[in-house]
Amino acid sequence: MLSLANYVMRGPTQAWIATLILAVLTVWLTPLGILLGAVIALVTLRVGETDGLKTLAIAVLATLALHQFTMGQFWPGLVAVMEYMLPVWLLAWALRQTQKLATPIHLAVMLAAGVVLAFHLMVGDTVAWWQSVMENYLAPLMDQAGASLPAATIEQVSQVATMLLAMFLVTLWVVVLLLARWWQSALYFPGKFREDFYQVRLPASLAVLAAVAAIGSLLTPSLILQDLAAVLMVGLMFQGLSVIHHAIDLKAMSKAWLFGLYVMLMLFPQVILILATVGLVDTWMDIRNRWTQA
């Protein structure tokens, strides 16, 4: 992947060619959108916001045109733009302005929280909305594939669909930005990415909001509070990861600990809550500074 970043940084023509190729491939291989978003972010971080915006425009136009041509409608392309292009450019812009990774992570959380609030206000009963979507669109597809989607499963998934989608968006946006920042560091400032990641510290106000939303979601059956608490916790999860990475490096521990941590993170969603708690505690106790002084 570093060779792709090196090619992109050879000049604007190479960046636009890479963007067009990735935009075409992403129509059929959606995971490549991570690389497409990272290219947009890298150009923004290294060259400037204007060049990054031009790269974003090329990606957007190519994506919308290809979806219109292949599917007869551009709406799926618009979803892709909002999923891993426009938000990533905004995060890269914020990082370029402040040179602090905590800023775009905070911005990603606030963007997702805004989407959650807007969705609840527009839809009202989000559970009923998701049930309708799955019954009318997903269930028929499952039936055609020879599988079934039980009503109980639809009801359970509908309860947490908004929360899971919002958590996924925050994670995706931040991971794409981190990839771009790692590319920039590897090409021009070796070791800078690790230094930046070890210093991730989100504002205390976000930690307070996360705690209030989490406690509120336990005391009341409010889905809005539940969804907002989950989004805020994902932001704190990245601070918790920063603390763990710093501790393992400071104590010269085996990298196998990190491997095990990420395996558990993928297998057990409860690990997100543990890491978020570490980030929450670090907000007030400054764990990394205490360890460094000790």
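Helices here are DSSP runs of H or I with at least four residues, numbered from the N terminus. This is a predicted model, in which local features need pLDDT of at least 70, side-chain atom pairs count only at pLDDT 80 or more, and totals for chains, interfaces and linings use all residues. Residues are numbered from 1 along each chain as its sequence is written, and side-chain values use heavy atoms, with hydrogens and water left out.

**Nonpolar cores**

- A nonpolar core is a set of buried Ala, Val, Leu, Ile, Met, Phe, Trp, Tyr and Cys residues joined through side-chain atoms within 4.5 Å.
- Buried means under 20% relative accessible area, exposed means over 50%, and partly exposed lies in between (1.4 Å probe, protein chains only).
- The largest nonpolar core has 79 residues, and Met 85, Trp 183 and Leu 236 have the most contacts inside it.
- Helix H9 (residues 151-188) supplies the largest share of this core, 14 residues.
- Another core, of five residues, lies apart from it and includes Trp 130, Met 134, Ile 154 and Ala 161.
- Contact means heavy atoms within 4.5 Å. Not counting residues up to four places away in sequence, Trp 183 touches Met 1, Leu 2, Leu 4, Ala 5, Leu 35, Ala 38, Val 39 and Leu 42.

- Thr 55 lies in helix H4 and is buried, because its relative accessible area is 1%.
- With neighbours within four places in sequence left aside, Thr 55 is in contact with Trp 16, Thr 19, Ile 40 and Val 43.
- Met 9 sits in the loop between helix H1 (2-8) and helix H2 (12-28). Its relative accessible area is 16%, so Met 9 is buried.
- Leaving aside neighbours within four places in sequence, Met 9 is in contact with Leu 42, Val 43, Arg 46, Val 47, Leu 187 and Tyr 188.
- Met 9 and Gln 184 are 175 residues apart in sequence, and their C-alpha atoms are 9.4 Å apart in space.

**Surface patch**

- Patches are made of residues with over 30% relative accessible area and no salt bridge; like charges are joined within 9 Å, and nonpolar side chains (Val, Leu, Ile, Met, Phe, Trp, Tyr) within 5 Å.
- Phe 74, Trp 75, Leu 78, Met 82 and Leu 86 form a nonpolar patch on the surface, and together they have about 460 Å² of accessible area (Shrake-Rupley method, 1.4 Å probe, with only the protein chains shown counting as cover for residues).
- Helix H5 (residues 75-84) gives the most to this patch, with three residues.
- Met 82 is in helix H5 and counts as partly exposed, because its relative accessibility is 44%.

**Salt bridges**

- A salt bridge is a side-chain nitrogen of Lys or Arg within 4 Å of a carboxyl oxygen of Asp or Glu. By this rule there are seven salt bridges.
- Arg 96 and Glu 49 form one of them, at 3.5 Å from N to O. The pair links distant parts of the chain, with Arg 96 in helix H6 (residues 86-98) and Glu 49 in helix H4 (residues 49-71), 47 residues apart.
- Arg 96 is partly exposed at 28% relative accessibility, and Glu 49 is partly exposed at 22%.
- Asp 196 and Lys 192 meet in a salt bridge at 2.6 Å, N to O. Both lie in helix H10 (residues 192-198), four residues apart, about one turn of the helix.
- Lys 192 is partly exposed at 29% relative accessible area, whereas Asp 196 counts as buried at 6%.
- The side chains of Asp 249 and Arg 194 form a salt bridge at 3.6 Å, N to O. Asp 249 is in helix H12 (residues 223-250) and Arg 194 in helix H10, so this pair ties together parts 55 residues apart in sequence.
- Salt bridges that share partners join Arg 201, Asp 282, Asp 286 and Arg 288 into one network.

**Aromatic pairs**

- Rings of Phe, Tyr and Trp (its six-membered ring) pair if their centres lie within 6.5 Å; planes under 30 degrees apart count as stacked, over 60 as edge-to-face and the rest as tilted.
- The structure holds five aromatic pairs. In one of them, the ring centres of Phe 119 and Trp 129 are 5.2 Å apart and the planes are at 85°, so the pair is edge-to-face.
- Phe 119 is in helix H7 (residues 102-123) and Trp 129 in helix H8 (residues 126-144), ten residues apart.
- Trp 129 is partly exposed at 36% relative accessible area. The rings of Trp 129 and Trp 130 are also edge-to-face, because their centres are 4.9 Å apart and their planes are at 90°.
- Ring pairs link Phe 119, Trp 129 and Trp 130 into a cluster.

Note on methods. Helices (H or I, at least four residues) and strands (E, at least two) are DSSP runs, numbered from the N terminus.
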